[in-house]
Amino acid sequence: MTSPTPTRVLTGITTTGTPHLGNYVGSIRAAVRASRRPGVRSFYFLADYHALIKCDDPARIQRSTLEIAASWLAAGLDPEQVTFYRQSDIPEIPELTWLLTCVTGKGVLNRAHAYKAMLDRNAATGADPDTDVTAGLFMYPVLMAADILMFNAHQVPVGRDQIQHIEMARDMAASFNHLYGEHLVPPEALIDDNVALLPGLDGRKMSKSYDNTIALFGPREQMRRQIMGIVTDSRAPGEPKATEGSALYQIYRAFAADDEAAAFARAFADGIAWGDAKQQLFERIEREIGPMRARYEHLVTHPEEVEAALQAGARKARAIAAPFMRTLRHAVGLRPLEAPAALAQAAPAPKAALPTFKQYREKDGRFYFKLADAGGQVLLQSKGFDSPRDAGQAVKRLQTEGPAALAALGGQLELPAEQAPPALVQALERLAQEAMV
Ligand code: TRP
């Protein structure tokens with residue numbers, strides 16, 4: 001039985017701050033929801049290499065990594081269902097960054113918004129154009145493209161400010177493929193128009209750089225206080241109020257269902273007092289965030305649990321990244337010297353037959369599977385499952401997650417105690433890579 005190729009969705013969040021409501025609405029919540037859609041394989045990661053571009057405070061990077069990871073987990077991300085990892089645990093990403101650097105025009109990077117904004121700032125103050133511009137800032141789009149292309153992501157949920165980066169990643173994939181063959185999938189930005197940009201306390205986009213944020217998992221009282229600080233106009237209680245251009249209304253909108261939002265808009269028209277409107281907003285947000293707060297507090301006080309989840313995620317991610325990087329290295333000519341030079345140009349060699357799973361029922365009434373290589377050699381034997389569905393799910397995990405699934409399924413497999421045999425690991429790596437394409 002073959003299922004259609006799942007859509008791969010990937011997004012990253014830079015580890016420089018403490019998550020705020022804008023991050024939750026614009027990124028975390030959308031990501032968690034997307035990860036639950038059937039037919040989707042999700043990759044979420046902590047972009048700590050990107051953080052180094054903006055932040056030279058080591059303690060802050062570490063703290064932010066913990067807080068962001070804990071936030072995503074508290075918001076319901078299930079690390080068993082998705083691949084959740086830290087960028088700097090995947091050495092293949094900087095490796096791919098270099099390959100992409102070599103197919104990216106400098107002129108393309110000159111046009112990146114973040115870099116251009118710095119040049120404009122310097123021009124405005126009469127400073128040298130390159131003042132405070134690191135090569136890291138200039139290269140930001142290439143590292144981001146490597147994040148995405150490493151896992152051949154189809155869709156990348158991001159804010160509007162990141163669309164240009166996704167377009168650059170597409171261009172890099174196209175340049176690479178043009179030179180070296182069809183290896184990389186051009187990604188698409190996925191923008192949720194309802195909630196893509198959340199206004200902050202002062203009505204501008206909620207952003208650390210404007211110092212106008214509402215913390216996602218601060219103490220309850222702090223959230224209330226911050227919401228009471230949202231800027232409004234000076235209309236008195238009883239005077240009708242406009243929802244248009246109201247940060248308070250827009251934030252409410254991001255949390256409310258259509259009918260709730262309509263009721264809130266009516267209350268505006270009816271002249272609700274700003275203090276009451278803020279209290280309603282607080283209660284509405286708290287209804288969604290409140291239940292997650294305890295989990296968050298547990299995780300930030302038990303960093304070893306978060307670390308273990310990230311390490312497991314890195315194993316899963318590298319089961320894909322390592323073999324794919326080997327293919328890409330070969331494609332560009334970083335090869336063992338005895339490999340034939342003409343291989344890449346020659347017609348692709350017929351693929352060796354893949355190892356296959358067989359599912360069957362034994363006389364004991366239980367359901368089993370085994371994995372055999374093309375020659376019929378058994379590489380893996382399962383123990384008995386109660387239902388064919390359970391056996392099928394275990395097979396699916398091995399097919400998509402590769403060798404990383406062995407540890408998770410350990411008890412249900414006949415495996416040598418010390419270590420999985422190399423032939424088995426290789427076979428699972430190949431299957432996982434095949435499942436990606
Ligand atoms: N640049 C993104 C941001 O600032 C973070 C990021 C890094 C990212 N790598 C990525 C997002 C890859 C999506 C995909 O929000």
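Trainee: Why is the meeting of the Arg326 and Glu429 side chains called a salt bridge?

Mentor: In this predicted model, the side chains of Arg326 and Glu429 meet at 3.1 Å, N to O. The rule asks for a side-chain nitrogen of Lys or Arg within 4 Å of a carboxyl oxygen of Asp or Glu, so the pair qualifies.

Trainee: How many salt bridges are counted between domain 1 and domain 3?

Mentor: The count between these domains is two. Helix H13 (residues 303-332) gives the most to the side of domain 1 that touches domain 3, with eight residues. That side divides into five nonpolar, two polar and six charged residues.

Trainee: What makes domain 1 and domain 3 count as being in contact?

Mentor: The criterion is heavy atoms within 4.5 Å, and 13 residues of domain 1 meet it with nine residues of domain 3; therefore the two are in contact. Between them they bury about 990 Å², 53% of it on carbon and sulfur atoms. Their C-alpha centres lie 31 Å apart.

Trainee: How do you know that strand S8 and S9 pair?

Mentor: Pairing requires at least two bridges, and S8 (residues 378-382) and S9 have two, in the antiparallel sense, so they pair. Gln381 stands opposite Glu414 in S9.

Trainee: What makes strand S6 and strand S9 edge strands?

Mentor: Four strands form an open, antiparallel sheet in the order S6-S7-S8-S9. Strand S6 (356-361) and strand S9 (413-414) each pair on one side only, and are the edge strands.

Technical notes: Residues numbered from 1 in each chain as written. Predicted model: local features only at pLDDT ≥ 70, side-chain atom pairs only at ≥ 80, totals over all residues. Heavy atoms only, no water. Domains from an automatic or database assignment. Buried area = accessible area lost by both parts, 1.4 Å probe. Nonpolar A, V, L, I, M, F, W, Y, C, P; charged D, E, K, R; others polar.
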